[in-house]
Amino acid sequence: MADAAVLPETAAVAWRPRVDDARLREAGRRWTGTSLFHAVGFGLTGVLLLVLSPWTFPLALIFFAHAWAIPELYANRGAKVLRPGRRTEPAPERIALGLLGDLVGHDARDLLERTGLVLERGRLGAWLVGPVGAVLVRPGARRLHCFCVLVPDPALPTGDRVAHLLLALREDEVGFATVANGAFSGAPWRLRRRLPRRARPGLDAAVTAARSGVG
């Protein structure tokens, strides 16, 4: 990817510093801290209620449920960036998918046919691009970041929406991550179990790419 290229959309979010490795690590720590704050806070409250009185068991269960559910809701929010968007008529969808296939290599084309997602290797990690966002699996595959991206024309066929995001990513990877809105950051396994079954091979491929080295 050409470092000199800058996405025009970055002008609309001029107050955001351009993303780099340090800022991604900081964002990951914030997501982890927020999840721990909720999970530990609700969990300890449930334990305290039981210590004060066993009769508070039903209320303690509610706090334990919140401790489990809130991190899961965060992961579910991240999974939405890889879920299929609204589809148009079958004929335009087939044409758009065929044109998108021309933009990627053989292996990525096979993954696209199976999952509807495109694997793209970048400097920041391995990207998995869908119609409404993308997931960045960081080198080493211990953490990923989910980004929600608004495509200007939601009436476009799914393949065209994916192509729009893919070309923007190739033009300016850092700008793409800067413009996009973070939806979740955490371990790949937390996201995988919230994904539709069809999308899971795509995430597995991105994890493999991130572990083997990208760029």
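**Burial, salt bridges, pocket and surface**

User: Does Arg 138 count as buried or exposed?
Analyst: Arg 138 has 12% relative accessibility. Buried means under 20% relative accessible area, exposed over 50% and partly exposed in between, with a 1.4 Å probe and protein chains only. Arg 138 therefore counts as buried.

User: What kind of model is this, and which limits apply?
Analyst: Residues are numbered from 1 along each chain as its sequence is written, and side-chain values use heavy atoms, without hydrogens or water. Totals for chains, interfaces and linings use all residues in this predicted model, while local features need pLDDT of at least 70 and side-chain atom pairs count only at pLDDT 80 or more.

User: Which residue does Arg 138 meet in a salt bridge?
Analyst: A salt bridge is a side-chain nitrogen of Lys or Arg within 4 Å of a carboxyl oxygen of Asp or Glu. Here the N to O distance is 3.1 Å. The partner of Arg 138 is Asp 21.

User: How many residues apart in sequence are the parts that this pair ties together?
Analyst: Arg 138 lies in the loop between β3 and β4, and Asp 21 in helix α1. Helices (H or I, at least four residues) and strands (E, at least two) are DSSP runs, numbered from the N terminus. The pair therefore ties together parts separated in sequence by 117 residues.

User: What is the N to O distance between Arg 193 and Glu 72?
Analyst: Their side chains meet in a salt bridge at 2.2 Å. Arg 193 sits in the loop between α7 (188-192) and α8 (200-212) and Glu 72 in helix α2 (residues 57-79), so the link spans 121 residues of sequence. Arg 193 is partly exposed at 44% relative accessibility, whereas Glu 72 is buried at 7%. The N to O distance is 2.2 Å.

User: Which residue joins Glu 72 and Arg 193 in a network of salt bridges?
Analyst: The structure holds 9 salt bridges. One network links Glu 72 and Arg 193 with Arg 194.

User: Which element gives the most to the lining of the largest pocket?
Analyst: A pocket is an open set of points on a 1 Å grid over the protein atoms alone, where a 1.4 Å probe fits, with protein on both sides within 12 Å along at least five of seven lines; lining residues have an atom within 4 Å of a point. The largest pocket has 19 lining residues, and Arg 30 is among those nearest its centre. With 6 residues, the top contributor is α1.

User: How many residues of that lining are nonpolar?
Analyst: Ala, Val, Leu, Ile, Met, Phe, Trp, Tyr, Cys and Pro count as nonpolar; Asp, Glu, Lys and Arg as charged; the others, Gly among them, as polar. The lining has 4 polar and 4 charged residues. Its nonpolar residues number 11.

User: What is the phi of Ala 141?
Analyst: Ala 141 lies in the loop between β3 (133-137) and β4. Ala 141 is buried, at 6% relative accessibility. Most residues other than glycine have a negative phi. For Ala 141 the value is positive, near 65 degrees.

User: Does Leu 52 count as buried or exposed?
Analyst: Leu 52 is found in helix α1 (residues 21-52). Val 47, Leu 48, Val 51 and Leu 52 form a nonpolar patch on the surface. At 63% relative accessibility, Leu 52 counts as exposed.

Conventions
Patch = residues over 30% accessible without salt bridge, like charges linked within 9 Å, V, L, I, M, F, W, Y side chains within 5 Å. Areas by Shrake-Rupley, 256 points an atom, 1.4 Å probe, with all protein chains shown as cover.
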